[in-house]
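Let's take a friendly walk through this structure together. Keep the sequence and the 3D view side by side as you read.

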Amino acid sequence: MNTKYELSNIQNISLDEIYTECSGPGGLRLVDFLAKKMGIETGKKLLDAGANRGFPTCYLTKKYNTFTIAIDPWDDRTSQRPQVDYITENASKWNVADRLIAMKLALPETFFANGTFDYVYSTTTLEMIRTLEGEEGYRNAVKEIFRVLKPGGIFGLAEPMHLETEIPEDLIPYLSQESFAWKDCFKSLSHTLEAIYAAGFEVVEADYAPDANLWWQEYAAHDPYCKLNPDEDPKTLAVDNGRWTSFGYIVARKPLGIIK
Ligand SMILES: C[S@@+](CC[C@H](N)C(=O)[O-])C[C@H]1O[C@@H](n2cnc3c(N)ncnc32)[C@H](O)[C@@H]1O
């Protein structure tokens, strides 16, 4: 059996390895945090939207024994290999290949039937769609997630968000990166909630993650691109020092009685 990762051994995986396999702040701490808030039950159908290399997807699938579909449309920025290939390899290393399928698909065109999933999990993904497709693209992605959830199904969203405050003047140059500029990508929790309500969701819980600053610090110290480029995201986070950049989460339910 090709099982590299066991739940009993999770604390032995280094932060360097976790942040190489995950993409964004929080690593497996974020996965545990959001899964608990979502109340994921064993044996249910789960969609991970924007799964990247699927490390969190595999961890969730193993821990909760879910039947999981992971979607991701992009190729890895260094190797140019499709992310879905990494997901499939990771599924084998986690010994969950019998219940995890990776598909090269992009929100909002997933083609799944209405009401397919009990849970949709999505971290550090929709804010990137906002940069590429604008606010309408963000809302279309949320609407698609609503459509593919069963009535009563739960959407767990967690992503970089800014605090409910104006950008401090001195921070503006640091948030104006050439691609995926944080000042355009990141919105506040209240702004994000508008898209969730507009899609028809009931909000179960929404807030800024209490450990947001710790997750960003870990990302700055352990993400391979941060290590290679200390004057980029790590510098921005150091100058920001928790004044504007944060990390928010929303747990939302598709109301019962909705047919579509
Ligand atoms: C920063 S990574 C986040 C990965 C992972 N969810 C995590 O938290 O570690 C964002 C991922 O979103 C994917 N993505 C981009 N556009 C997407 C879309 N329209 N639908 C689904 N995923 C998308 C990218 O391919 C990328 O792998």
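Leaving aside neighbours within four places in sequence, which residues is Phe55 in contact with? Please keep in mind that this is a predicted model. With those neighbours set aside, Phe55 touches Tyr5, Ile13, Ile18, Glu21, Cys22, Leu28, Asn90 and Trp94.

In soluble globular proteins, nonpolar side chains tend to be buried together.

Next, find Val251 in strand 7 (residues 245-253). Val251 counts as buried because its relative accessibility is 2%, with under 20% being the cut-off. Beyond its neighbours within four places in sequence, Val251 is in contact with Leu34, Lys37, Met38, Ile154, Phe155, Glu202, Val203, Val204 and Glu205.

Finally, turn to a pair of helices. The axes of helix 5 (residues 126-148) and helix 7 (residues 189-199) come within 8 Å and cross at roughly 40°, so the two helices are oblique to each other. The crossing is right-handed. On the helix 5 side, Arg130, Glu135, Tyr138, Arg139, Val142, Lys143 and Phe146 take part, and they meet His191, Thr192, Glu194, Ala195, Ile196, Ala198 and Ala199 of helix 7. Sorted by class, this contact has 7 nonpolar, 2 polar and 5 charged residues.

Conventions:
Residues numbered from 1 in each chain as written. Predicted model: local features only at pLDDT ≥ 70, side-chain atom pairs only at ≥ 80, totals over all residues. Heavy atoms only, no water. Axes fitted to C-alpha atoms, helices over the stretch in contact; angles between N-to-C directions. Helix = DSSP H or I, 4+ residues; strand = E, 2+ residues; numbered from the N terminus. Parallel < 35°, antiparallel > 145°, perpendicular 65-115°, else oblique. Left-handed = near helix turned anticlockwise from the far one by under 90°. Contact = heavy atoms within 4.5 Å. Nonpolar A, V, L, I, M, F, W, Y, C, P; charged D, E, K, R; others polar. Buried < 20%, exposed > 50% of the residue type's maximum accessible area, 1.4 Å probe, protein only.
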